[in-house]
Amino acid sequence: MHNIGLKIWSTNFDCYAKDAVDFCRKGICSYVELYVVPETLETLKLWKSLDVPYTIHCPHSAHGFNLSRKELRETNREIYLETKQFADELNADFIIFHGGMSGEIEETAAQLKDFCEPRALIENKPYKAIPGFYAEGITCVGYSPEQIAYIMKTAGCGFCLDFNHAVCAANSLKKGIYEELSSYISLNPTMYHVSDLSDENTEFDEHLNLGKGVLDLKRFMSLLPDNYKVSLETKKNFKSSLSDFYEDVVYFKSLFER
């Protein structure tokens, strides 16, 4: 059975809520992965009005949440508590966290541990931050199976494997893509993220729609366990329709056909 998630933001209610509910009811997707933009608690009652299952994604560095920086502990906790309120009221099963960037992995693990959040999943990241969004040369925390294993053990959390992030990091580290993926899989991920890339050798994530890039997604998906949970982290190209997500789902399901 396909357990596919639609990833949208807490600011997207007017744009995508109608389609999200329709897709869940029709079995096109199984849940909504909601990225919580900081200071959007006013939207919570709207999302709560929908009869859909939720997974929550905590804000990342682009919205000021960076677990790897000690000086951000106070603001990180404030953002986490707002995210937790979304998770609590929407009965979410998991909260996904990024490890941060331009900081220390020990700080990431310590802050995540201090949250005492039983639903926490750490997501692996590329080695390099996307240029244009961040200063050149900025590196991410959680770019290798070893770093993810350390955070999981120290913080007592689970793991969300992002296939594209793993590809980008492997390229930066001059390691084989499938060897790295095998190491990540050995950590028993709770769930997964997938999209496409225009270049299998790139170091930077793109979130392309499925089939619009060059990745061997069929081979990637062969690594999924029987009872997988995977969010399609693909671009939304229309302001009031999720028709492109529907096309991604059709493509995704075709990857399992013999």
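This is a predicted model: local features need pLDDT of at least 70, side-chain atom pairs count only at pLDDT 80 or more; totals for chains, interfaces and linings use all residues.
Let us start with E107, which, leaving aside its neighbours within four places in sequence, is in contact with L67, S68, R69, K70 and R73; contact here means heavy atoms within 4.5 Å. E107 sits in helix α4, residues 105–115. Is E107 buried or exposed? With a relative accessible area of 11%, E107 is buried. The term buried stands for under 20% relative accessible area, exposed for over 50%, and partly exposed for what lies in between, with a 1.4 Å probe and protein chains only. Helices (H or I, at least four residues) and strands (E, at least two) are DSSP runs, numbered from the N terminus.

Residues are numbered from 1 along each chain as its sequence is written, and side-chain values use heavy atoms, with hydrogens and water left out.

To return to helix α4: its buried residues are I105, E107, T108, A109, Q111, L112 and F115. These buried residues pack against α3 (73–89), β4 (95–98), β5 and α5 (145–155). Just after α4, C116 has a positive phi of about 50 degrees.

In soluble globular proteins, nonpolar side chains tend to be buried together. As for L112 itself, its contacts, leaving aside neighbours within four places in sequence, are L67, F97, A120, I122, I151, A155 and C157.

L121 is found in strand β5, and L121 counts as buried because its relative accessibility is 2%. Which residues is L121 in contact with, leaving aside its neighbours within four places in sequence? They are F94, I95, I96, F97, G158, F159, C160, T190 and M191. L121 and H98 are 23 residues apart in sequence and 8.7 Å apart in space, C-alpha to C-alpha.

I148 lies in helix α5, and at 0% relative accessibility I148 counts as buried. Not counting residues up to four places away in sequence, I148 touches I122, E123, N124, G142, F159, Y184 and L187. From I148 to Y31 there are 117 residues in sequence and 25 Å in space, C-alpha to C-alpha.

Next comes helix α6, residues 163–172. How many of the residues of α6 are buried? The count is 10 of its 10 residues, from F163 and N164 at one end to N171 and S172 at the other. What covers them includes β5 (120–123), β6 (158–162), α7 (177–185), β7 (191–194) and α8 (217–221). At the start of α6, a side-chain oxygen of D162 reaches to within 3.1 Å of the backbone nitrogen of N164. After α6 comes K174, with a positive phi near 60 degrees.

Most residues other than glycine have a negative phi, and most peptide bonds are trans. S102, although not a glycine, has a positive phi of about 55 degrees. S102 is placed in the loop between β4 and α4 and is partly exposed, with a relative accessible area of 36%. N188 also is a residue other than glycine with a positive phi, near 55 degrees. N188 is found in the loop between α7 and β7, and N188 is exposed, at a relative accessible area of 61%.

Finally, the largest pocket. Its volume is about 920 Å³; a volume is the space filled by probe spheres set on grid points joined across faces, edges and corners. On a 1 Å grid over the protein atoms alone, a pocket is an open set of points where a 1.4 Å probe fits, with protein on both sides within 12 Å along at least five of seven lines, and lining residues have an atom within 4 Å of a point. Of the 34 lining residues, K7, W9, H60, H207 and E233 are the closest to the centre of the pocket. Strand β1 (residues 4–9) gives the largest share of the lining, three residues.

How values were computed: A polar contact is a pair of N or O atoms within 3.5 Å; within protein, one must be able to donate a hydrogen and the other to accept it, and residues adjacent in sequence count only if both atoms are side-chain atoms.
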